[in-house]
Amino acid sequence: MRSLLFITIFITLAATAALSQASQSVAETPEKSQFGLIADTQISTSLHEVADIDRSVDTQFVFMPSIQLNEDLKLGVKLALIQNILHERETKLKNTKLSLSHSALSLNPFLSIIPSISATFPTDTILPRRDSFLSAATAQAKVAFDFSRIGLTQLSLLTSMAATKNAHEFETNRLGESNTSLSLLASLNTTLHILQTLSLELYGERSVGFTYQGTSKNNFELTETLSYTFTPQTSFSLGHSNAGAAYRENGTDSRVALFNPNDSTVFVGMTIIF
């Protein structure tokens, strides 16, 4: 399994070189490399009772530096720090994600596709010890719908499909639960621009993961976010999210719901683009 880590790095670097060369052959004078940084901070709390031991209040800081390799290719890194304010004061680094994305490719006047590949590395201080995670490789395609051509400038729609292959040292974690070998995800993101500075975003996803033994795990997420833009580089957000297993223990009854008093979380956040 350890070999997948090196294979992932090789594929990512090889794809970067190949796509970069292909893009430069189209553009005779590619633009100079440009650096970018997105910083996001968020405070979220579950909706358990205040005295409930399962209740958590988390603070998360996300840093996403990127470099524009040429007019089409962007290389980015996602670093996330998280701290549980109620139970643990120690700040933890989550797994690090390295991604290579291509600019939007027009399919027709209304549709464009944004392909990307990414690799995830085990920088989390807790997760590797718990489930022996080594690395992951993901291929993703986002499809954007342009409604401005029919006069709906306030509405945007983005759908995404992704496949992720994980590598673990062991097929089960230290609790005896099966680790996920392969996962498939489909999502839909709809944004309604209510005002020039105010927008409502609705996000939904369904995913299915397959363990090394061949059993499946179904999950979902539903998130609603209200965002206010102070400047083109700064925005404030307020939202609610419900996520978890898509089916109950019997495997047939659905658990998908907009709100769950035991699983739902509310959050506030701020995003700054440098």
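Met-270 has a relative accessibility of 32% and therefore counts as partly exposed; buried means under 20% relative accessible area, exposed over 50%, and partly exposed in between, with a 1.4 Å probe and protein chains only. The residue lies in strand β14. This is a predicted model, in which local features need pLDDT of at least 70 and side-chain atom pairs count only at pLDDT 80 or more, while totals for chains, interfaces and linings use all residues. Residues are numbered from 1 along each chain as its sequence is written, and side-chain values use heavy atoms, with hydrogens and water left out.

**Nonpolar patch**

Met-270 belongs to a nonpolar surface patch of about 600 Å², together with Ile-43, Tyr-228, Phe-230, Phe-236, Leu-238 and Val-268. Two or more residues of the patch come from each of β12 (216-231), β13 (234-245) and β14 (265-273). Patches are made of residues with over 30% relative accessible area and no salt bridge; like charges are joined within 9 Å, and nonpolar side chains (Val, Leu, Ile, Met, Phe, Trp, Tyr) within 5 Å. Areas come from the Shrake-Rupley method with a 1.4 Å probe, and for residues only the protein chains shown count as cover.

**Chain totals**

The chain has two helices and 14 strands. These are DSSP runs numbered from the N terminus: helices are H or I with at least four residues, strands E with at least two. Of the 274 residues, 32% count as buried. Among contacts between residues at least 6 apart in sequence, 53% join residues at least 24 apart; contact means heavy atoms within 4.5 Å.

**Aromatic pairs and salt bridges**

The structure holds two aromatic pairs. Phe-145 and Phe-147 are stacked, at 6.5 Å centre to centre and 20° between the planes. Tyr-228 and Phe-230 are edge-to-face, at 5.1 Å centre to centre and 80° between the planes. Rings of Phe, Tyr and Trp (its six-membered ring) pair if their centres lie within 6.5 Å; planes under 30 degrees apart count as stacked, over 60 as edge-to-face and the rest as tilted. Phe-145 is partly exposed at 31% relative accessibility, and Tyr-228 is partly exposed at 37%.

Two salt bridges are found in the whole structure, a salt bridge being a side-chain nitrogen of Lys or Arg within 4 Å of a carboxyl oxygen of Asp or Glu.

| Salt bridge | Closest N and O atoms |
|---|---|
| Arg-149 and Asp-146 | 4.0 Å |
| Asp-263 and Arg-255 | 2.6 Å |

Arg-149 is exposed, with 56% relative accessibility, whereas Asp-146 is partly exposed at 32%. Asp-263 is partly exposed at 31%.

**Two buried strand residues**

Thr-138 is in strand β8 (residues 133-146) and counts as buried because its relative accessibility is 15%. Its side chain makes a polar contact of 2.8 Å with that of Thr-164. A polar contact is a pair of N or O atoms within 3.5 Å; within protein, one must be able to donate a hydrogen and the other to accept it, and residues adjacent in sequence count only if both atoms are side-chain atoms. Leaving aside neighbours within four places in sequence, Thr-138 is in contact with Ser-116, Ile-117, Ser-118, Ala-162, Ala-163 and Thr-164.

Gly-76 is in strand β3 (residues 73-84) and is buried, with a relative accessible area of 10%. Its C-alpha atom is separated by 4.1 Å from that of Ser-66, 10 residues apart along the chain. Not counting residues up to four places away in sequence, Gly-76 touches Pro-65, Ser-66, Lys-97, Leu-98 and Ser-99.
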